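User: Hi! I have a new model open and would like to talk through its side-chain pairs with you. Could you start with a charged pair?

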Amino acid sequence: MDLYKVLGVNRSATKDEIKEAFRKLAVKYHPDKHSHSPKPVRDSATLRFKQVSEAYEVLSDDQKRVHYNLTSSSSSASSSYNYYQRYANASRRSGGGGYGFSSANSYKNNRQNYASNFWHVSLRFFTTRAFLLNLAFAGALYGGIVVIDNSREALWKMHNPGKSFEEAMESIEKAKAPLGIKSIAV
């Protein structure tokens, strides 16, 4: 289930647009509004309200939204076990209170879930095409710097066999001394 579709907003929706869509749908599907409705209608409204609340909980929090966008964009279309189900199950396992609220002990469990998902998200980031292209470019740039630095030393040794740079500078100073040329210290 696409959380953006649950709220009826685009992926590029702002926080204010998400909040406004949530408010409209929360009023429409709130369980108190359907307390006198027939049981199937009441159950349907309650389920829809939970979906809307959980979609808002994820999309209104920047970190959860980024995590959702990363996991939902790369999941296969044939997989029915989508992000919403994983998120809802994790919320229930961690003691979630329903309607988008959590119990007091869920913070510890959410930190554990974050730690276990950190490597998964990191691996995804480090294997993206853009990252790998940037890494290849940086490697080529660093390799070029190393080659230029080594070739400078090789050229110096080729044109001045047996002398180091310091020895060459001393011999130049000695050659200038009898002519009376003073060198300017930098």
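Analyst: Happy to! Asp 62 makes a salt bridge with Lys 15, and their closest N and O atoms are 3.5 Å apart. Asp 62 belongs to helix α4 and Lys 15 to helix α2, so the bridge ties together parts that are 47 residues apart in sequence. One caution before we go on: this is a predicted model.

User: Noted. Is Asp 62 buried, partly exposed or exposed? And what about Lys 15?

Analyst: Asp 62 is partly exposed, as its relative accessible area is 46%. Lys 15 counts as partly exposed too, at 42% relative accessibility.

User: How many salt bridges does the structure hold?

Analyst: Four salt bridges. Among them is one between Asp 43 and Lys 39, whose closest N and O atoms are 3.1 Å apart. Both of these residues lie in helix α3, four residues apart, which is about one turn of the helix.

User: Now for Arg 65. Where does it sit, and is it buried or exposed?

Analyst: Arg 65 lies in helix α4, which covers residues 62–74. Arg 65 is buried and yet has no salt bridge.

User: Why no salt bridge for Arg 65?

Analyst: Side chains of opposite charge can pair when their charged atoms come close. For Arg 65, the nearest side chain of opposite charge is Asp 62, 5.7 Å away, and a salt bridge needs a nitrogen and a carboxyl oxygen within 4 Å.

User: So which residues is Arg 65 in contact with?

Analyst: Setting aside neighbours within four places in sequence, Arg 65 is in contact with Tyr 4, Arg 11, Ser 12, Ala 13, Ile 18, Val 58 and Leu 59.

User: Let's switch to rings. How many aromatic pairs are there?

Analyst: The count is two aromatic pairs. In one of them, Tyr 4 and Tyr 68 are tilted, at 5.9 Å centre to centre with 50° between the planes. That pair links distant parts of the chain, as Tyr 4 is in helix α1 (residues 3–7) and Tyr 68 in helix α4, 64 residues apart. Both Tyr 4 and Tyr 68 are buried.

User: And how are Phe 22 and Tyr 56 arranged?

Analyst: Their ring centres are 4.2 Å apart and the planes are at 10°, so the pair is stacked. Phe 22 is in helix α2 (residues 15–29) and Tyr 56 in helix α3 (residues 39–60), so distant parts of the chain are linked, 34 residues apart. Phe 22 counts as buried at 18% relative accessibility, whereas Tyr 56 is partly exposed at 22%.

User: Nice. Last topic: what is the overall layout of the protein chain?

Analyst: The protein chain has eight helices and two strands. From the N terminus on, the order is α-α-α-α-α-β-β-α-α-α. Of its 186 residues, 22% count as buried.

User: What about the accessible surface?

Analyst: The accessible surface of the protein chain is about 13,800 Å², and 61% of that belongs to carbon and sulfur atoms.

Methods. Residues numbered from 1 in each chain as written. Predicted model: local features only at pLDDT ≥ 70, side-chain atom pairs only at ≥ 80, totals over all residues. Heavy atoms only, no water. Buried < 20%, exposed > 50% of the residue type's maximum accessible area, 1.4 Å probe, protein only. Lys, Arg positive; Asp, Glu negative; His and termini not counted. Contact = heavy atoms within 4.5 Å. Phe/Tyr/Trp six-rings, centres within 6.5 Å; stacked < 30°, edge-to-face > 60°. Areas by Shrake-Rupley, 256 points an atom, 1.4 Å probe, with all protein chains shown as cover.
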